[in-house]
Amino acid sequence: MVRMTKKLEAPRKGLVGGQYKPLTDEEVEQIHEASLEVLERTGVQIEESEALDLFKQAGATVDGNRVRLPRSLIEDAIDKAPSTVVLAGRDPEHDLILEDARVYIGTGGAALEVLDLDTGEIRKAVLDDVSDMARIVDALDNIHFFLIPIYPTDVPEDQVEINKYYASLANTTKHVQAGIYTQRGIRDVVAMCEEIAGSAEALRARPLVSFITSWMVSPLKFATDVTALLIQTCRQGIPVVLSAAPMAGSTSPVTLAGTLVQLNAEQLSGLTLTQLVKPGTPAIMGPIPATADMRSGKYLGGSVELGISNAAITQLAHRYRVPIYNSAGMTDSKLPDIQAGIEKAQSAIQVALAGTNFIHHAAGMLEDMSTIAYEQFVIDNEMLGMAMRAVRGIDVNDESLAVDVIDRVGPGGHYLADEHTLRYMRTEHYYPSSVFDRQGREEWEADGAVDAWLRAKKAARKILTTHEPAPLDPDVDAWIKEQFADSLVF
């Protein structure tokens, strides 16, 4: 069994960010006011009948399928939305408390392809990948949650939800999140998780899963089928993410400020619907401002503007005191190479320092969210550890100022063996695992002159071979397999 060596004893998750603010307070207010103007003046397009009725009954102006939202309706929804949302793990050690500027970072996506760990070739993602990736993430300390990163192509469409959630929950004790595609899928996954949690009440108190609803087709149009799923999720009382990702210059204005205005308006309209369905619904704002390559129209995952924009819209969520999910740690690179390292790190640092609560897409992803690589999880685990160390910042107190220590060691002395050094060396500095090399050249060459990519492949294989996640309770597991015998493919 792999037990990752804990060289850093300081907290690795839930640290408080907010140090980086690309917008001034005045600019935050300008974007907020512009968003309200868009909702009052332009409005949103809605074709889902129940959503239309809810908005009309609440006082919105409904003209056919165009819905215009008054300021008072939005402000009321913001007031009703919880400021704290708990996303639980099977092991309470992995609970995430989304509030204020507390930061958690993890996986993301619904990639259809995998960079095979053994052959190095691209292949279709399958259900076994969900299980194996959950085990990888279960063993990596700096990846705080498991947002199911692939869509298994070998499972019938109407059975995908129950299979991918079961495969995940059986292989990690961290919180599990993913998109949801059918009404049956919502019901089945909730029923399974109620059994795992012990009761319906226990699941609502500590939700082991949460659902992503990509209900918005930017610009400003509710997706009919997904809006119906959003309403059903709100009624279930399960935490729900309002995911929307317009691209500057394509599905939102080319200016970053314009994209932030439109996306914030979209988010506020979705947040309002959740609170109309069920006041107090644990909703998580999910704005993901993205960019398009103006030369090709292609989505860009690794642009520096993505990091800036995701950090900026975090400031809007902080203004509303509503938890926020958005993106960082993506790349346009096809391989775990130097481009991937630079693009991933720059956005992860920016968004983590901004204080986003739930940063997804930050581990394992390549090629603009279309591909997952096992070894990339291992590499990104180290990068995210560094990002969280940056969020932690510098502790300034009587002990860390070390005036007495400086006096004790004195001019010309040495701190290496001083008790102050021994006391703080493991908590003050981040120590990567053996995947990142810090040897001298001679030692490195003697060890085979292996680069980080190959070391990460070796580490990933070792985890898959030896790591044993805490299993589901055998009685619960038997109940699940009997209850969903017609759907589970295990």
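A salt bridge is a side-chain nitrogen of Lys or Arg within 4 Å of a carboxyl oxygen of Asp or Glu. By this rule, the count for this predicted model comes to 27 salt bridges.

**Salt bridges**

- Side chains of opposite charge can pair when their charged atoms come close.
- Arginine 461 and aspartate 118 meet through their side chains in a salt bridge, at 3.3 Å from N to O. Because arginine 461 belongs to helix α17 and aspartate 118 to the loop between β8 (113-115) and β9, this pair ties together parts that are 343 residues apart in sequence.
- In that pair, arginine 461 is partly exposed at 33% relative accessibility, whereas aspartate 118 is exposed, with a relative accessible area of 62%.
- Arginine 135 forms a salt bridge with aspartate 132, and their closest N and O atoms are 3.2 Å apart. Both residues lie in helix α4, 3 residues apart, which is about one turn of the helix.
- Arginine 135 counts as buried because its relative accessibility, 15%, falls under the 20% cut-off. Aspartate 132, with a relative accessible area of 23%, is partly exposed.
- A salt bridge of 2.9 Å, N to O, joins the side chains of lysine 344 and aspartate 380. It links distant parts of the chain, with lysine 344 in helix α11 (residues 338-354) and aspartate 380 in helix α12 (residues 374-392), 36 residues apart. Both lysine 344 and aspartate 380 are buried.
- A network of salt bridges links Glu399, Arg408, Asp418, Glu419 and Arg423.

- Strand β12 (residues 209-213) is mostly covered, with 5 of its 5 residues buried.
- In a regular strand the side chains alternate between the two faces of the sheet. Both faces of β12 are covered: Val209, Phe211 and Thr213 are buried on one side, and Ser210 and Ile212 are buried on the other.
- Strand β11 (residues 176-179) pairs with β12 in the parallel sense over 4 bridges, and valine 176 stands opposite valine 209 in β12.
- Strand β15 (residues 240-244) also runs parallel to β12, joined to β12 by 3 bridges. Valine 240 in β15 is the bridge partner of phenylalanine 211.

- Strand β18 (residues 290-292) pairs with β19 in the antiparallel sense over 2 bridges. Within this pairing, alanine 292 stands opposite tyrosine 299 in β19.

**Helix α8**

- Helix α8 (residues 224-236) contains 13 residues and reaches 19 Å from its first C-alpha to its last, close to the 18 Å expected at 1.5 Å a residue.
- Buried residues in α8 are Thr227, Leu229, Leu230, Ile231, Gln232, Thr233, Cys234 and Gln236.
- Glycine 237 follows α8 and has a positive phi, near 75°.

**Backbone geometry in loops**

- Most residues other than glycine have a negative phi, and most peptide bonds are trans.
- The peptide bond from serine 218 to proline 219 is cis, with omega near 5°. Proline 219 lies in the loop between β13 (216-217) and β14 (221-222).
- Glutamate 367 has a positive phi, near 55°, and lies in the loop between β22 (365-366) and β23 (371-373). Its relative accessible area of 24% makes glutamate 367 partly exposed.
- Alanine 449 likewise has a positive phi, near 50°, and is found in the loop between α16 (441-446) and α17 (452-466). Alanine 449 is partly exposed, with a relative accessible area of 37%.

**A buried loop residue, alanine 125**

- Alanine 125 is found in the loop between β9 (122-124) and α4 (127-138), and is buried, with a relative accessible area of 0%.
- Leaving aside neighbours within four places in sequence, the contacts of alanine 125 include Ala111, Leu112, Glu113, Val114, Ile150 and Tyr151.
- Alanine 125 and isoleucine 372 are 247 residues apart in sequence and 8.7 Å apart in space, from C-alpha to C-alpha.

**A nonpolar surface patch**

- Ile394, Val396, Leu401 and Val403 form a nonpolar patch on the surface, and together have about 450 Å² of accessible area.

How values were computed:
Residues numbered from 1 in each chain as written. Predicted model: local features only at pLDDT ≥ 70, side-chain atom pairs only at ≥ 80, totals over all residues. Heavy atoms only, no water. Patch = residues over 30% accessible without salt bridge, like charges linked within 9 Å, V, L, I, M, F, W, Y side chains within 5 Å. Areas by Shrake-Rupley, 256 points an atom, 1.4 Å probe, with all protein chains shown as cover. Pairing = 2+ DSSP bridges. Buried < 20%, exposed > 50% of the residue type's maximum accessible area, 1.4 Å probe, protein only. Expected span 1.5 Å × (residues − 1). Contact = heavy atoms within 4.5 Å.
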